[in-house]
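Take a moment to look over the sequence and the structure shown here. We will walk through them together, one region at a time.

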Amino acid sequence: MPAIFKKYRKKEDLAPEDSKAGNPRPADQGEIHPGLKGRFYGEMLFRKTRFRHLVRDFSVLNECTNRHFFSALAVHAGGNNDVSMIPALYAAAAGTGPDEALRQQASVTASELEEIKNGRVPAGRKEIQGAAEKKRFEAYLLLAGEREPSAIDMLRLLRSNDTETRRTGLYLAGKFRFREMIPEICDALDIEGLEYDALNVLGYFGEIAMAGIREKLLASTGNIKTTSLIATFAGRFPGRESNEILLNCLFSHSKPALKRAASILNDRKVFLSEGERAKVTDIAYAIASRLGFCLGAGEMIRNTGNEDLVCALNEEIHFCRSVLPDLIRLIQAGDKSVSILTGTEKGSGFADPYDIYSFRLDEILRIKEIADKLSGQRTRPGKESKKRVMPGDLTSWLINILDSDYIFSGKWLKACALRSIHGPVSDDLKLSLSALLFNPSLLISGEAALAAFRTDIRIYNSVAGRLPAGLRSYLEALKKDNHYENLVFDRVKAVKTLLPGLPAEEAMILAGKTRFVNTSEKNDLRTTSTKTEVPSQTDYLLMPVNLEGKEKTLLIPFRALEEMILTCPDRENYLLERIEEAEKTE
């Protein structure tokens with residue numbers, strides 16, 4: 001059977017100096033931080049760099065001083081009979097690891113796996129029970145070089161339901177450079193637990209993977225994490241295909257991808273075609289319009305005294321102001337014969353001064369100039385305005401916010417607006433609340449339901465029978481328990497309190513995987529964690545937080561923190577430092 005598929009297999013034999021080949025040392029996100037000694041970082045670093053060991057790049061073993069990294073390597077290899085890790089274990093044993101005990105552990109584990117691999121310990125292989133375990137062990141043997149894999153071998157692994165089995169399929173496709181497996185590897189970018197593996201294998205292919213990456217991007221619009229990973233990957237390679245992918249990232253629903261793509265394209269001084277410039281102008285105009293709307297409502301919202309709403313509005317303004325300059329420079333980087341026309345030195349970069357896009361860019365520049373002036377002004381002490389907020393004005397603003405469908409951000413602003421609703425509501429506001437009850441985001445639908453419960457329960461009852469079953473059960477729980485402990489809104493605020501450097505839109509990514517635990521549950525978790533043997537005591541952090549005068553404990557899974565770093569790689573250093581501090585005090 002393997003011979004049948006062998007003629008269809010395209011194995012890429014790429015020399016390192018080939019311009020289209022990936023670097024033999026796959027580029028991982030971030031860099032090695034020798035000063036970080038925590039368990040979260042050590043175990044994450046092992047997952048990030050595991051593919052390096054398979055292609056005989058052991059530089060991380062010499063650079064890393066985190067004992068949890070070496071422990072994770074030995075525990076994984078010994079616990080899974082991963083014979084492909086034997087060279088890495090020998091390198092760790094011969095290196096300058098943190099201490100002699102870890103080097104000895106690596107040496108012993110390598111010797112035991114060597115005997116199992118060579119068949120000198122038949123019982124070792126017989127102890128491997130279960131179809132998934134046997135399939136993984138056969139894959140480990142292929143990775144160790146026992147024989148050359150075929151296309152059918154990898155397809156069976158890549159389409160397995162077991163995460164570790166699929167991971168071995170990714171590694172085989174990367175190590176042996178099976179080019180036709182690139183679409184399958186790209187599909188792993190949005191599979192939980194396989195993101196680093198897929199990213200590093202694709203990096204090993206280099207620019208050859210760009211076509212598959214572009215197809216994956218077109219199928220992933222709306223997936224914030226995957227689009228951000230694609231923007232990060234495309235940013236590593238200069239060239240036309242990379243620029244096309246980054247340009248498409250501008251039109252995705254991912255704010256991290258938008259910011260990263262706009263910055264990279266601007267640094268590369270990319271020249272856009274007329275059609276591309278028109279599309280980017282549409283994006284910039286939408287952001288500028290949002291900025292103008294928020295600036296216009298600023299004084300009114302500040303006078304409400306609602307701190308959450310004021311902070312959300314300020315974050316929205318900050319995001320719009322931070323991304324507009326890069327987009328404007330992309331639009332204006334036009335042909336010289338256009339940019340030197342009279343009156344267009346600060347203008348559109350479009351040849352026709354009466355063109356709609358020329359008008360839009362002039363409007364964008366006008367709003368940006370107003371925002372810059374307002375940001376430079378400081379309110380004098382004793383001169384703060386305390387004008388009475390008219391209910392009609394506030395209602396009109398709330399309806400505008402609640403009915404908006406802004407693709408990049410605004411979800412937290414909408415949630416804060418919902419929480420500010422009290423007392424009688426107008427008919428238009430009732431319609432807005434009814435529509436938001438169907439929102440798939442539990443943050444928005446939950447806050448809309450709570451607003452309906454506070455003001456007029458008939459708003460909820462009129463649509464409850466048409467809500468999806470899962471969403472309805474969640475909202476019914478809120479209806480029965482007015483003091484529901486695990487509201488998404490409260491978890492976002494808790495994350496922002498613990499990690500003040502994160503804006504709310506990014507804190508929402510992390511908050512979705514967290515939960516509050518009470519005292520008894522916290523003690524149960526502590527008791528259970530002491531009984532676990534491998535690989536570590538716990539896979540979460542328990543963080544005390546004061547929320548509106550109440551002491552609570554937030555459980556943050558390590559996996560949620562890792563996803564946060566994947567989605568927002570520019571926050572990696574900040575998050576790692578805070579996690580390190582938390583692990584020391586826990």
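Are Trp-412 and Phe-489 buried or exposed? Trp-412 is buried, and Phe-489 is buried as well. Here buried stands for under 20% relative accessible area, exposed for over 50%, and partly exposed for anything in between, using a 1.4 Å probe and protein chains only.

Before going further, a word on what you are looking at. This is a predicted model, in which local features need pLDDT of at least 70 and side-chain atom pairs count only at pLDDT 80 or more, while totals for chains, interfaces and linings use all residues. Residues are numbered from 1 along each chain as its sequence is written, and side-chain values use heavy atoms, leaving out hydrogens and water.

Let us start with the whole chain. The protein chain has 31 helices and three strands; these are DSSP runs numbered from the N terminus, with helices being H or I of at least four residues and strands being E of at least two. Of its 586 residues, 51% are buried. Contact means heavy atoms within 4.5 Å. Among contacts between residues at least 6 apart in sequence, 70% join residues at least 24 apart.

Now look inside. In soluble globular proteins, nonpolar side chains tend to be buried together. A nonpolar core is a set of buried Ala, Val, Leu, Ile, Met, Phe, Trp, Tyr and Cys residues joined through side-chain atoms within 4.5 Å. The largest one in this model has 178 residues, and Leu-250, Trp-397 and Trp-412 have the most contacts inside it. Helix α18 (residues 307–332) gives the most to this core, with 13 residues.

Next come the aromatic rings. Rings of Phe, Tyr and Trp (its six-membered ring) pair if their centres lie within 6.5 Å; planes under 30 degrees apart count as stacked, over 60 as edge-to-face and the rest as tilted. Searching the whole structure gives nine aromatic pairs. One of them joins Phe-233 and Phe-237, a tilted pair with 5.2 Å from centre to centre and 55° between the planes. Both Phe-233 and Phe-237 are buried. For Trp-412 and Phe-489, the ring centres are 4.6 Å apart and the planes are at 20°, so this pair is stacked. Trp-412 lies in helix α22 (residues 411–419) and Phe-489 in helix α27 (residues 488–498), so the pair ties together parts that are 77 residues apart in sequence. Elsewhere, Phe-46, Phe-69 and Phe-70 form one aromatic cluster.

Leaving aside neighbours within four places in sequence, Phe-489 is in contact with several residues, including Asp-308, Ala-415 and Leu-443. Leu-443 is 46 residues away along the chain, yet the C-alpha atoms of Phe-489 and Leu-443 are separated by 6.2 Å. A charge sits over a ring if NZ of Lys or CZ of Arg is within 6 Å of the ring centre and within 35 degrees of the ring normal. Another example is Lys-552, whose charged end sits over the ring of Phe-516, 4.7 Å from its centre.

How do two helices meet? Consider helix α14 (residues 224–234) and helix α30 (residues 558–567), whose axes come within 8 Å and cross at roughly 50°. Axes are lines fitted to C-alpha atoms, for helices over the stretch in contact, and angles run from 0 to 180 degrees between N-to-C directions. Angles under 35 degrees count as roughly parallel, over 145 as roughly antiparallel, 65 to 115 as roughly perpendicular and the rest as oblique. α14 and α30 are therefore oblique to each other. Ile-224, Lys-225, Ser-228 and Leu-229 in α14 meet Arg-559, Glu-563, Leu-566 and Thr-567 in α30. Ile-224 is partly exposed, with a relative accessible area of 35%.

Helix α28 (residues 504–511) has seven of its eight residues buried, so it is largely enclosed by the rest of the structure.

Finally, visit two loops. Arg-177, in the loop between α10 (163–175) and α11 (182–187), has a phi near 50°, a positive value in a residue other than glycine. Arg-177 counts as buried, at 8% relative accessibility. Lys-269, in the loop between α16 (255–267) and α17 (274–302), also has a positive phi, about 55°, but Lys-269 is exposed at 71%.
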